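Reader: Can you walk me through this one? I'd like to start with the side chains on a strand.

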Amino acid sequence: MMGRKFSLHRARPGALQKFVALAVGSVLAFSVHAQPSGLPSMGSASSAELSPALERTLGDAIMEQGRRDPTYINDPDVSQYLAGLGKHLVAASSNPAQHIEVFAIRDPQINAFALPGGYVGIHSGLVVASDNESQLASVVAHEIGHVLQRHVARGMTQQAQSSHLMMASIAGALLAALAGSGDLAMGVAAFGQAAAVDRQLGFSRQAEQEADRIGLDMLRRGGFDPNGMAQMFGQLMNASRLNEGTGGGLYASTHPLSIQRMSDIQNRIREAPSRPRQDSDTYWYVRAKLRVLQERGGQRSAEAALRREAENFQGVRRSAAWYGLAYSAWRQGDLAATKTALDAAREGGVNSPEIAGLGIALAVKQNRLDDALAQAEAAWKRWPQSLGIALARVEALKAKKQDSQIVPFLQARIKQWPDEPRLYQQLAQSFERLGQGVEARRNMAIYYEKVGALPTAVEQLQQARNMSSDFYVQSQIDVEIRRLQEKVRADRALLERFRQ
């Protein structure tokens with residue numbers, strides 16, 4: 001562990017790895033047995049301990065850059081499912097008010113990590129490797145356990161020179177991103193470094209066991225099968241043995257596995273009866289989509305696995321496999337194969353918002369616009385809580401040049417999902433097509449704020465102000481500009497503290 005490259009994706013020589021190399025202090029030393037304990041002072045790296053509020057602010061700043069990382073999966077179906085899973089689990093914990101946001105990154109390795117402030121990253125490979133929803137939920141619950149016990153925050157503030165270097169490095173990268181130079185490299189580097197924090201901390205067995213127990217309790221209270229944790233534990237231990245020395249047992253390297261931990265989990269499961277759980281349909285469709293999304297260079301491996309599942313299973317799991325094949329064909333531009341696979345996914349009357357969304361996109365692509373809009377209206381009526389369907393309906397309306405209908409629909413959806421950046425972006429585009437340039441730029445400013453590009457958000461507002469001759473609108477925009485400028489100043493002041 002000593003002197004290991006501070007990078008989340010050692011096996012992928014892609015963009016994130018290059019970006020991380022640009023950050024100061026990218027090679028940091030941590031002990032594999034480092035045990036976060038107490039809440040020690042940060043010493044020269046900060047004038048105060050990393051309080052929960054400060055931790056959240058730092059986590060928000062990291063994630064604002066991380067959402068622009070090329071490995072960050074911005075798919076609405078995937079994002080909504082994982083975020084919902086995290087919220088469901090934390091609601092069953094001892095601290096249901098804890099902020100938790102679960103997101104996915106495109107990486108076939110089996111791994112997960114926690115960032116400061118309640119952000120939990122899940123590798124696509126972990127979802128694909130799970131055999132049921134309770135197995136996936138067990139890892140998410142374990143990571144939430146680390147968050148609830150503040151293992152990451154405490155570990156980051158240990159009185160060690162390496163911790164100070166780490167915090168200074170992350171802060172320096174975020175400050176470079178805040179400068180608004182248009183170069184995303186440093187901001188993305190901060191995300192890559194922070195995402196590797198729990199690997200570098202090397203949680204002790206005691207910390208891991210604590211997260212296991214809290215996670216197991218969340219699983220049980222949340223209605224999942226606690227046996228999923230033991231099953232996943234067994235898979236991870238097996239993967240670690242099979243990949244020993246090849247870098248493939250990544251989760252085991254970041255979360256030390258042991259027979260003692262396995263025995264403790266099994267004993268606790270036996271102490272309380274559990275009931276089998278029916279997996280949600282969404283789990284299977286999201287799993288199939290992630291199998292396709294994580295492929296590097298071609299889809300043969302994903303398609304072979306999906307065809308095996310389509311042949312060996314029935315019901316929703318078979319439908320999900322065909323949906324995955326349809327999605328793979330769609331990404332390759334094979335519309336005929338997309339339709340054939342979608343028809344197979346619907347056999348037996350099975351349907352889902354994921355299938356419906358792809359069907360709408362296919363109809364738009366084939367210029368069957370009336371059919372696309374009819375499908376979208378029916379799907380929205382059936383699944384009014386699906387972000388993917390909402391966005392598919394917008395695309396169908398856009399194809400019909402019905403921006404006057406898009407605007408009120410999106411305004412209602414923003415009330416439903418106020419933190420979803422894509423909704424503001426789509427609304428801005430509709431306002432632009434309707435010739436309402438001021439409103440277009442004001443909404444684009446919100447979009448840029450949501451994705452962390454604060455200087456660009458200010459530029460959009462300044463453009464909007466120059467376009468308006470209405471005194472009251474100009475005054476409102478002035479207030480918005482001052483608020484964002486103050487946020488930039490506050491973020492800079494906070495990050496400068498970590499560089500000291």
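Author: This is a predicted model. In β2, Ala112 and Ala114 point one way. Phe113 and Leu115 point the other way.

Reader: Are those β2 residues buried or exposed?

Author: Ala112, Phe113, Ala114 and Leu115 are all buried.

Reader: What is the bridge partner of Ala112 in β3?

Author: Ile122 is the partner. The strands β2 and β3 run antiparallel, with four bridges between them. β3 covers residues 119-123.

Reader: How many residues sit between the strands in that hairpin?

Author: Three residues lie between β2 and β3. Among them is Gly117, with a positive phi near 85 degrees.

Reader: Zooming out. What is the strand order in the sheet?

Author: The order is β1-β3-β2, in an open sheet of three strands. The pairing is mixed.

Reader: And which are the edge strands?

Author: β1 (101-105) and β2 (112-115) are the edges. Each of them pairs on one side only. From one strand to the next, the twist averages 25 degrees.

Reader: Which helix packs on the sheet, and which strands does that helix touch?

Author: Helix α5, residues 133-148, packs there. Helix α5 touches β1, β2 and β3. The direction of α5 makes about 30 degrees with that of β2.

Notes:
Residues are numbered from 1 along each chain as its sequence is written. This is a predicted model: local features need pLDDT of at least 70, side-chain atom pairs count only at pLDDT 80 or more; totals for chains, interfaces and linings use all residues. Side-chain values use heavy atoms; hydrogens and water are left out. Two strands pair if DSSP finds at least two bridges between them. Helices (H or I, at least four residues) and strands (E, at least two) are DSSP runs, numbered from the N terminus. Axes are lines fitted to C-alpha atoms, for helices over the stretch in contact, and angles run from 0 to 180 degrees between N-to-C directions. Contact means heavy atoms within 4.5 Å. Buried means under 20% relative accessible area, exposed over 50%, partly exposed in between (1.4 Å probe, protein chains only).
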